[in-house]
Amino acid sequence: MKHSFFLVIPKQRNDPQRLREFDEKILKQWIADLPIANPLLASRLVFDYISEMSTLKIPAPLRLDTLEQLRPSFLAIEEYLRSRLVKNAFPKEEGEKKALRFLVGLEREYTINYWCALKELSSQTSWFQGKYIGLAIQRSLKGLSEIVHSHLLMGLGVPDWVWLDLHSLYKMSLKLKKHTAQVAANDEVNPGIRTSSPEETYIEVILLALVDNKGLMQRELKLAYAFIQAVRGLVSLKPKPPAQPNPPCVILIDEDKPPSFNPVASDSESARLYVDFTALYQALDANKVLANAPESRFAALSMAGGPEDKWTLDFLDYLKQRWQGQPHESAPLFEDRLDRYVAIGLNNTCKLQTLNADDGGDEFLARSVSPRLLSCVFKQPGLVSIGNLVSFRKADTPINRRALGIIDSLIIEKDDGKLSFGVQLLTAQAIAVNYLPSLGSHYSGHHDGYKKGLFYQMKEPEPKSFLITDTFLLKSGDAVNLFVDHEEFHITLRNKKNIGLGYWQFECAKTQEKKPAEDA
């Protein structure tokens, strides 16, 4: 690998006086003086420092030693900037978009410095090469992997040149026989990972690229990365397709493409690698890799503990399907290709169910872009996420006749707030109701007044009725008084299920004959 297409090294200059700044004692003091209480200022200082480094001619060993001393501070800043990107839903505010651009710029400058050292070392045959080149390759691969991570986190496509450089660096590690060289992680943000080889790092980013982030919440991508790091040893790369029933996953290692189960035909005779998931499939099927969280994937995100405490069965099943080559697709609810009016959230949906409802800005006109997706330009930031409860209707349908579902796919189309989303249907018709928890329930909310909910019924495979609420305090077995169309029902709640981000569904069991509701 003589050149990098993404990690472009700027023109460098000799400045012996500046090399004194990289003395170990001076650097340690500079790091100790970073304003940790002001992470934005600290991130700017680190960015300026490593950007200046890339313009200086520095011996490879000194450059690598400097980068490794900076690494704990850099990783802490990277984690802080990522945390800013996941605070709010889509579309993102301009400040969050700027934070992403800064983050990717910081990651790129940091990785360019490792590439500077690697390029110098690869042209040498001294003992320095054997000591440092494994580190330089692994860190270059890791830096590019984190750039992939940052793009996927914001629902954006990864630049093609990033993939070309990733493939080229892995080929270099094979050529130099350093692909299995273990390198200390030096990562206090993720202390569970102590060492990594270039091949393990490459496998991590391959698996991450295959998870199909349009079906994951932003914070779930971090969980996916943590799971990948835990199981990377169960995945290997082969020169020929492995013997497994699923379609082979192909890496066109000479091209600028991500891994794919259905690679686009290429005119070039690109070398190919195949991802062997056999051991991972066996481990998942045999429950050797266990889900630790009994809750749904939506509830698990708010649980205490590390990422490994939040792997749920439905989350791991999602990952397994993607690694089997099954694409993530929403249900084909819009095959008529008609536009829909969409409302987000339980409160907006209940408001639109009232007899004198008008849209009042609570509905958005969404265009049908495929049988599975609707598309809309949202002017207000932070409205849409995987797991949102939505109701929708056709344009010629009364405003209070609304289907109900959960957003299960989200695609960031443009930087102007245009999003496409798919929906998992709950029911074709739901009605707004009020309920009052009975005394003795886990949540006795009499003093808070009536609560809003959504009620629907199913006739098949057997008659059932359901109540959807936005409070987690109600439990299975609680009793509520349910008010539907001026009638009161005494209901026992059963089979609590977390169906979305902040929404719970109960099966309703009537405990007493209905009677006219008292005037409230």
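Author: A residue counts as buried when its relative accessible area is under 20%, and in this predicted model both Y170 and Y202 are buried.

Reader: How many residues does the protein have, and what share of them is buried?

Author: The protein has 520 residues, and buried residues make up 51% of them. Its chain forms 13 helices and 16 strands, and the C-alpha trace spans about 90 × 55 × 40 Å along the principal axes.

Reader: How many aromatic pairs are there, and what makes the rings of Y170 and Y202 a pair of a particular kind?

Author: There are 15 aromatic pairs in the structure. The ring centres of Y170 and Y202 lie 4.3 Å apart, and the planes stand at 10°; since rings pair when their centres are within 6.5 Å, and planes under 30 degrees apart count as stacked, the conclusion is that this pair is stacked.

Reader: Which elements hold Y170 and Y202, and how many residues apart are they?

Author: Y170 belongs to helix α7 (residues 160-175) and Y202 to helix α8 (residues 198-209), so that, being 32 residues apart, the two link distant parts of the chain.

Reader: What is the pair of F334 and F392 called, and why?

Author: For F334 and F392 the centres are 5.8 Å apart and the planes stand at 65°, and because planes over 60 degrees apart count as edge-to-face, the pair receives that name. This pair also links distant parts of the chain, with F334 in the loop between α12 (313-323) and β6 (340-344) and F392 in strand β9 (residues 389-394), 58 residues apart. Both F334 and F392 are buried.

Reader: What makes you say that strand β9 is enclosed or open?

Author: Of the six residues of β9, five are buried, which means that this strand is largely enclosed by the rest of the structure.

Reader: Which strands does β9 pair with, and how do you know?

Author: Two strands pair if at least two bridges are found between them. Five bridges are found between β6 and β9, which pair in the antiparallel sense, and four bridges join β9 to strand β10 (residues 402-412), again antiparallel; both counts therefore meet the cut-off. To follow this in the structure, look for V342, which stands opposite F392 in β9, and for L389, whose bridge partner in β10 is I406.

Reader: Why are β3 and β4 called edge strands?

Author: The two strands belong to an open sheet of three strands, in the order β3-β5-β4, with antiparallel pairing. The edge strands are β3 (236-238) and β4 (249-252), as each of them pairs on one side only. Neighbouring strands of this sheet are turned by 35° against each other on average, direction ignored. Three bridges connect β3 with strand β5 (residues 272-276) in the antiparallel sense, and the bridge partner of S236 in β5 is D276.

Reader: How do you know whether T66 is buried or exposed?

Author: The relative accessible area of T66 is 1%, and because this value lies under the cut-off of 20%, T66 is buried. T66 lies in helix α4 (residues 60-85), and its side chain reaches the backbone oxygen of L62 at 2.8 Å, which is within the 3.5 Å used for a polar contact. Apart from neighbours within four places in sequence, T66 is in contact with F22, L27, Y49 and M53. Two of these names return in the aromatic cluster formed by F22, W30 and Y49.

Reader: What about L67: is that residue buried or exposed, and which residues does it touch?

Author: L67, which also lies in helix α4, counts as buried at 0% relative accessibility. Not counting residues up to four places away in sequence, L67 touches M53, Y110, N113 and Y114.

Conventions:
Residues are numbered from 1 along each chain as its sequence is written. This is a predicted model: local features need pLDDT of at least 70, side-chain atom pairs count only at pLDDT 80 or more; totals for chains, interfaces and linings use all residues. Side-chain values use heavy atoms; hydrogens and water are left out. Rings of Phe, Tyr and Trp (its six-membered ring) pair if their centres lie within 6.5 Å; planes under 30 degrees apart count as stacked, over 60 as edge-to-face and the rest as tilted. Buried means under 20% relative accessible area, exposed over 50%, partly exposed in between (1.4 Å probe, protein chains only). A polar contact is a pair of N or O atoms within 3.5 Å; within protein, one must be able to donate a hydrogen and the other to accept it, and residues adjacent in sequence count only if both atoms are side-chain atoms. Contact means heavy atoms within 4.5 Å. Axes are lines fitted to C-alpha atoms, for helices over the stretch in contact, and angles run from 0 to 180 degrees between N-to-C directions.
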